[in-house]
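My entries follow the order in which I looked things up.

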Amino acid sequence: MHNCSPFATLPQPPYYIVAFSSQRTADDDDTGYGEMAGQMVELAEKQDGFLGIESVRDASGFGITNSYWRDEESIRNWKRNIDHLAAQKQGRAMWYEAYALRIARVERAYGFNADGAQAR
């Protein structure tokens, strides 16, 4: 499902977004974080209702990951996934100083692309 663009390829709305904002711990040596994050993306891609993901992190350790889902049931099922639950526990213990999760329904989406391709 990965594409070369940093933007997720999404259907026309409505769909749902899970916005995960996080601050990594100051003494984090990154042990295993990248591997775990990659595993979670691969796992989410296999989850029914998953539509795409976009993620960034700055030099201070603050990051935002937006995952997109077909419906609220898909989000609930992802939240209950046993491997995802284990990763959440490990994240709280090892990698995150703080995080916030926000879930919203996307009603409209539009964008701009300088090369003239239509963006959604």
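This is a predicted model: local features need pLDDT of at least 70, side-chain atom pairs count only at pLDDT 80 or more; totals for chains, interfaces and linings use all residues.

Entry 1. I then looked up the strand order and found an open sheet of 4 strands, arranged β2-β3-β1-β4, with antiparallel pairing. β2 (50-57) and β4 (96-106) are at the edges with a single partner strand each, so one side of each has no neighbour in the sheet. On average, neighbouring strands are turned by 15 degrees against each other, direction ignored.

Entry 2. I recalled that the strands of a sheet pair through backbone hydrogen bonds. I looked up β1 and found that 10 bridges join β1 to β4, while 8 bridges join β1 to β3. Both pairings run antiparallel.

Entry 3. I turned to β2, which pairs with β3 (residues 62-69) in the antiparallel sense over 7 bridges. Here arginine 57 stands opposite glycine 63 in β3.

Entry 4. Which strands does helix α1 lie across? I found that helix α1 (residues 33-46) lies across β1 (15-24), β2, β3 and β4, and that helix α1 runs at about 160 degrees to β2. Helix α3 (residues 82-95) lies across β1 and β4, running at about 140 degrees to β4.

Entry 5. Last, I checked how far β1 is covered: 9 of its 10 residues are buried, and β1 is thus mostly covered.

Note on methods
Residues are numbered from 1 along each chain as its sequence is written. Side-chain values use heavy atoms; hydrogens and water are left out. Two strands pair if DSSP finds at least two bridges between them. Helices (H or I, at least four residues) and strands (E, at least two) are DSSP runs, numbered from the N terminus. Axes are lines fitted to C-alpha atoms, for helices over the stretch in contact, and angles run from 0 to 180 degrees between N-to-C directions. Contact means heavy atoms within 4.5 Å. Buried means under 20% relative accessible area, exposed over 50%, partly exposed in between (1.4 Å probe, protein chains only).
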